[in-house]
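Morning, everyone. Let me put the structure up, and then we will go through it site by site.

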Amino acid sequence: MNLLVLPKVELHLHLEGCISPAEARMLADRRPAGQGIGPSDLAACYRHRSLKEFLVHFGRLVDLLANPSDLAWLFARVRGRLRRQGVVYAELRVSPSVWERHGLPTEETLDALLDAARAGVPRCSFIIDGVRQWDRRSLIRDFELALGRRGRGVVAFGLGGDEAAAPSSLFQELAQEARKHSFPIIPHAGEGLGADEVASALDVFDPPRIGHGIRAAESPALLKELARRGTHLEVCPTSNRRTGAVPRGKRHPLAQLWAAGVSLSLGTDDPALFRTTLSRELQWASRRMGWGPQDLARSQELAARASLLPPAERESLERFVSAGWSAGALPGEGGGPTIRSRGDGACWTRV
Ligand code: ADE
Ligand code: ZN
């Protein structure tokens, strides 16, 4: 099966985590004389021993972005990579508080990004990710930035950063505010902390999706609850290895989550920093977790269903993904007919 030609949906992807080593070099070389960064300092940003260390590297790479058009430039390159991977729809997380700490103006940068994303392939939406362990003022500002741009490409508010330093129970008021506006919050949970934290995120936010959520596998009762609610988990296997969320020598819990009937799909999280792509994640599931074409297709259909597009577009995407995978998985067809996406706004079509 040629995964590249099959239509894919990616729901867990941080734009800033897509700065490749070559792009980091280009950005570093544009800095004024005296503010250069040596090759070994840049290379160090791509090796992490923990989630905390990874988050420091993430900030160092954001520091290379000098103005709003750098982020729009990065987005155009990332969109091209997604297109070449056969991704037909993506929801990208961005972190204005991190931009601000590194000298980028939040509103102007976000608006430049939304403008750059308005037309083009694949269709992309944005989740504004607040940094949970930083100050409340920035978090509320990020939430308002997101809410104010709803319908202009922003589909949800997220909570990223250091889960252990600021668990979900601290965000009751934020959850209440979001509920008042029927605006979804999609937290990272069950990455740095265990099943109790996933349960707490469910209680506090009642989220349609959870970033990671993998440690729910520690509790059979919680798995049942996730399946009952239909909460979709955005599972990022390579990220989990590289941050130590799944320690070396321990089997990744994907198979347990899947066997329990939890809705889930695979994501790359920060593909450049973790040296992966969506196709590689799918290949890993196929080679290491025993997923057959039907499992791959099913999880992609679930991703389309869990997307935060308006209902008519979401249904169009679901139909497109489903048709693509059933055609591509036809036996004896040498991988099936090539299906290219045209997510040019309202619908996806076979061309
Ligand atoms: N920000 C970017 N990637 C993240 C991750 N895996 N966990 C928490 N915050 C993040
Ligand atoms: Zn993430």
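First, a term: buried means under 20% relative accessible area, exposed means over 50%, and partly exposed is in between, with a 1.4 Å probe and protein chains only. Now the ground rules. This is a predicted model, where local features need pLDDT of at least 70, side-chain atom pairs count only at pLDDT 80 or more, and totals for chains, interfaces and linings use all residues. Residues are numbered from 1 along each chain as its sequence is written, chains are lettered from A and ligands numbered from 1 in the order in which they are written, and side-chain values use heavy atoms, with hydrogens and water left out.

Start with the metal. Which protein donors does the zinc ion (ligand 2) have? They are His12 (NE2), His14 (NE2), His188 (NE2) and Asp269 (OD), at 2.1 to 2.2 Å. Donors here are N, O and S atoms within 2.8 Å of the metal (3.2 Å for Na, K and Ca); water is not among the atoms, so sites may look incomplete. Along the chain the spacing reads H-x1-H-x173-H-x80-D. Histidine 12 is in strand S1 (residues 8-14) and histidine 188 in strand S5 (residues 185-189), so this pair links distant parts of the chain, 176 residues apart. Helices (H or I, at least four residues) and strands (E, at least two) are DSSP runs, numbered from the N terminus. Histidine 12 is buried at 1% relative accessibility. Histidine 188 is buried too, at 4%.

Next, the aromatics. Rings of Phe, Tyr and Trp (its six-membered ring) pair if their centres lie within 6.5 Å; planes under 30 degrees apart are stacked, over 60 edge-to-face, the rest tilted. The count is six pairs. Phenylalanine 75 and phenylalanine 126 are tilted, 5.7 Å centre to centre with 55° between the planes. Phenylalanine 75 sits in helix H4 (residues 68-84) and phenylalanine 126 in strand S3, so the pair ties together parts 51 residues apart in sequence. Phenylalanine 75 is buried at 2%, and phenylalanine 126 at 1%.

Last, the backbone. The valine 121 to proline 122 peptide bond is cis, with omega near -5°. Serine 182 has a positive phi of about 50°, although it is not a glycine. Serine 182 is exposed, at 58%.
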